[in-house]
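Here's a quick briefing to read with the model open. Take a look at the fold, then go through the notes below.

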Amino acid sequence: MFLNILNNAYDAVREGTRAARIEVVSARAGAFIEISFRDNGIGLADAERIFDPFFTTKDVGKGTGLGLSICYGIVREHGGEIICHNNPDSEGATFMVRLPIASETASFGAVAGVHPNDAN
């Protein structure tokens with residue numbers, strides 16, 4: 001999900017004429033972690049539709065319009081939220097992802113899908 005947002009930011013800053021800049025900032029906000037991705041690219045033409053399936057601002061053959069829709073679904077499935085807006089004070093756009101902080105830590109084996117009761 002983060003890679004998709006970064007790839008979109010990279011595409012946006014490449015289209016601009018300024019020196020490219022992408023900033024990633026994370027912070028704890030109560031029971032959530034917030035990760036923001038801010039770029040100085042061309043900005044969002046249709047911010048209200050950006051998470052719609054099959055919506056894309058990219059040229060034919062350059063994007064499917066599924067990346068941000070899938071990101072939205074992943075974030076929502078994990079109890080978080082994702083928003084975006086054009087930067088009010090400068091060029092470009094910002095995406096903000098808020099995810100709840102896990103109350104328990106998972107073992108590496110559980111994350112990898114290995115269960116201790118599996119007999120091999």
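Phenylalanine 95 is buried, at a relative accessible area of 7% (buried is under 20%, exposed over 50%, partly exposed in between; 1.4 Å probe, protein chains only). Keep in mind that this is a predicted model, where local features need pLDDT of at least 70, side-chain atom pairs count only at pLDDT 80 or more, and totals for chains, interfaces and linings use all residues. Residues are numbered from 1 along each chain as its sequence is written, and side-chain values use heavy atoms, with hydrogens and water left out.

**Aromatic pairs**

- Searching the whole structure turns up 3 aromatic pairs (ring centres within 6.5 Å for Phe, Tyr and Trp, the last by its six-membered ring; planes under 30 degrees apart are stacked, over 60 edge-to-face, the rest tilted).
- Phenylalanine 2 and phenylalanine 37 make a tilted pair, because their planes sit at 40 degrees, with centres 5.6 Å apart.
- Phenylalanine 37 counts as buried at 5% relative accessibility, while phenylalanine 2 is partly exposed at 33%.
- Phenylalanine 51 and phenylalanine 95 pair edge-to-face, 6.2 Å centre to centre and with 90 degrees between the planes.
- Ring pairs also bring Tyr72 into a cluster with Phe51 and Phe95.

**Around asparagine 87**

- Asparagine 87 is buried, with 6% relative accessibility.
- Its side chain makes a 2.5 Å polar contact with that of threonine 94 (N or O atoms within 3.5 Å; within protein, one must be able to donate a hydrogen and the other to accept it, and residues adjacent in sequence count only if both atoms are side-chain atoms).
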